[in-house]
Amino acid sequence: MGDLLEPSDEKQLVECLAWACANQQPVELCGAGSKRAYGRPVQAAAMLKLARLSGIVTYEPAELVLTARAGTPIAEIEAALDAAGQQLAFEPADLGPLLGGSAGAGTIGGVFATNLAGPGRVKAGAARDHVLGVRCVSGRGEAFK
């Protein structure tokens, strides 16, 4: 693995992606890395670590709406939901212990990137079935929904 890129805000994230695009370099997107052992290893010039892009932006329990950044730990989201007597219907799988990592280390970005869900998936749907909107950035210096 080459460079380690760790943006702490959207502007830095755009700069990292612009560098990768300009140099035609593949990057590995990584939150907490709890699912890195799942599947084949990634061959990339750099790792784009998203852990600093963390935090619940808004949470409206009455509306059942939560907005969080990609690097937000699932444990943080589940704690906020639990305090309001709520839970994630798709039951995100915690593969950390199974893949040699620690429990509770996964991020919401990793959940949606892999679309992994627990046994409730048959009834409630997969993780991506519960997304209302996504804000993305590109290497051309733009953000879009």
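A disulfide is taken here as a pair of cysteine sulfur atoms within 2.5 Å, and a search of the whole structure, which is a predicted model, finds zero of them.

**Cysteines**

Cys16 is in no disulfide, because the nearest cysteine sulfur, that of Cys21, is 11 Å away, whereas a pair would have to lie within 2.5 Å. Cys30 is likewise in no disulfide, and for Cys30 the nearest cysteine sulfur is that of Cys16, 14 Å away. Both residues lie under the 20% limit for burial, with Cys16 at 14% relative accessibility and Cys30 at 4%.

Strand S4, residues 56-60, and strand S5, residues 65-68, pair in the antiparallel sense over four bridges. Among the residues joined in this way, Thr58 has Thr67 in S5 as its bridge partner, and Tyr59 has Leu66 in S5 as its bridge partner. Four residues stand between the two strands of this hairpin, and in the hairpin Leu64 takes a positive phi near 60 degrees.

**Positive phi in the loops**

Two further residues have a positive phi although neither is a glycine: Glu91, at about 45 degrees, and Asn115, at about 60 degrees. Glu91 lies in the loop between H2 and H3, while Asn115 lies in the loop between H3 and helix H4, the latter spanning residues 121-124. With a relative accessible area of 34%, Glu91 is partly exposed, because that value falls between the 20% and 50% limits; Asn115, with a relative accessible area of 14%, is buried.

Thr107 is found in the loop between helix H2, residues 74-83, and helix H3, residues 108-114. Its relative accessible area is 6%, so Thr107 counts as buried, the limit being under 20%. When the neighbours within four places in sequence are left aside, Thr107 is in contact with Gly31, Ala32, Ala70, Gly71, Thr72, Pro73 and Ile74.

The accessibilities of the residues discussed so far are set out below.

| Residue | Relative accessible area | Class |
|---|---|---|
| Cys16 | 14% | buried |
| Cys30 | 4% | buried |
| Glu91 | 34% | partly exposed |
| Thr107 | 6% | buried |
| Asn115 | 14% | buried |

**The second largest pocket**

About 160 Å³ of space lies in the second largest pocket. Of the 14 residues that line this pocket, the closest to its centre are Ile74, Ala93, Asp94, Gly104 and Gly106; Ile74 is also one of the residues in contact with Thr107. Helix H2 gives the largest share of the lining, with three residues. By residue class, the lining of the second largest pocket divides into seven nonpolar, four polar and three charged residues.

Note on methods. Residues numbered from 1 in each chain as written. Predicted model: local features only at pLDDT ≥ 70, side-chain atom pairs only at ≥ 80, totals over all residues. Heavy atoms only, no water. Buried < 20%, exposed > 50% of the residue type's maximum accessible area, 1.4 Å probe, protein only. Contact = heavy atoms within 4.5 Å. 1 Å grid on protein atoms, 1.4 Å probe; cavity = no way out; pocket = protein on both sides within 12 Å on 5 of 7 lines; lining within 4 Å. Points joined across faces, edges and corners; volume = space filled by probe spheres on them. Nonpolar A, V, L, I, M, F, W, Y, C, P; charged D, E, K, R; others polar. Pairing = 2+ DSSP bridges.
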